[in-house]
Amino acid sequence: VFVDLAMGTGTDVAIEAADIVLIKDSLFDVPVAIDLSRVTVRRIRLNFVWALLYNCLGIPIAAGILKPFGFTFKPYIAAAAMICSSICVVCSSLLLKLYKKPADVQSSEERLKERLRALKRTAERSLDKIKRKKRERRESTDGRTYMLQSLSSDDENVGV
């Protein structure tokens with residue numbers, strides 16, 4: 001089974017042709033998308049089984065299969081039972097909002113972010129050192145220039 005993936009910054013043709021479009025440009029989202037699709041399919045199957053069982057029991061009872069035993073549903077109760085079936089399926093689907101990333105993907109992403117922060121701190125320290133050295137050279141050059149100027153002005157004053 002092949003699945004086409006496209007990044008959000010891809011060309012319009014790639015985005016239109018892809019089965020899945022990842023909005024962010026993070027490759028960590030690929031295993032998350034695959035896991036989310038598996039969880040979604042599992043939820044669809046569960047909803048199907050739930051609705052099938054509910055209807056297999058509810059429809060014959062509403063049709064009067066238990067009438068010889070003195071048990072029947074009035075039409076409005078049967079309609080309410082069908083509505084309850086739909087509400088249960090919708091509520092079950094809403095549980096997908098509680099989806100969390102797989103722990104291994106989340107920890108890998110956090111480790112990568114921590115490495116990037118460490119590299120950024122190292123780069124900032126290196127840049128600070130370079131700036132400090134440039135400033136020190138400039139200050140030492142300015143000091144030499146000042147000393148040379150003061151020496152040359154002293155030589156001129158001595159000769160007078």
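Student: Why are E114 and R117 about one helical turn apart?
Tutor: Because they're three residues apart in helix α4. Helices here are DSSP runs of H or I with at least four residues, strands are E runs of at least two, and both are numbered from the N terminus.

Student: And what do E114 and R117 form?
Tutor: A salt bridge, with the closest N and O atoms 2.7 Å apart. That term means a side-chain nitrogen of Lys or Arg within 4 Å of a carboxyl oxygen of Asp or Glu.

Student: How many salt bridges does the structure hold?
Tutor: Two. Keep in mind this is a predicted model: local features need pLDDT of at least 70, side-chain atom pairs count only at pLDDT 80 or more, and totals for chains, interfaces and linings use all residues. Residues are numbered from 1 along each chain as its sequence is written, and side-chain values use heavy atoms, with hydrogens and water left out.

Student: Switching to rings, how many aromatic pairs turn up?
Tutor: A search of the whole structure gives one. It's W50 with Y54, tilted, at 5.9 Å centre to centre and 40 degrees between the planes. Rings of Phe, Tyr and Trp (its six-membered ring) pair if their centres lie within 6.5 Å; planes under 30 degrees apart are stacked, over 60 edge-to-face, the rest tilted.

Student: Why are W50 and Y54 about one helical turn apart?
Tutor: Because they're four residues apart in helix α2.

Student: What does V89 touch?
Tutor: N47, W50 and A51, not counting residues up to four places away in sequence; contact means heavy atoms within 4.5 Å. V89 sits in helix α3, residues 75-94. Its C-alpha is 8.3 Å from that of F48, 41 residues away along the chain.

Student: And where's V39?
Tutor: In helix α2, residues 29-63. Leaving aside neighbours within four places in sequence, V39 contacts L96 and Y99. V39 and Y99 are 60 residues apart in sequence, but 8.5 Å apart C-alpha to C-alpha.
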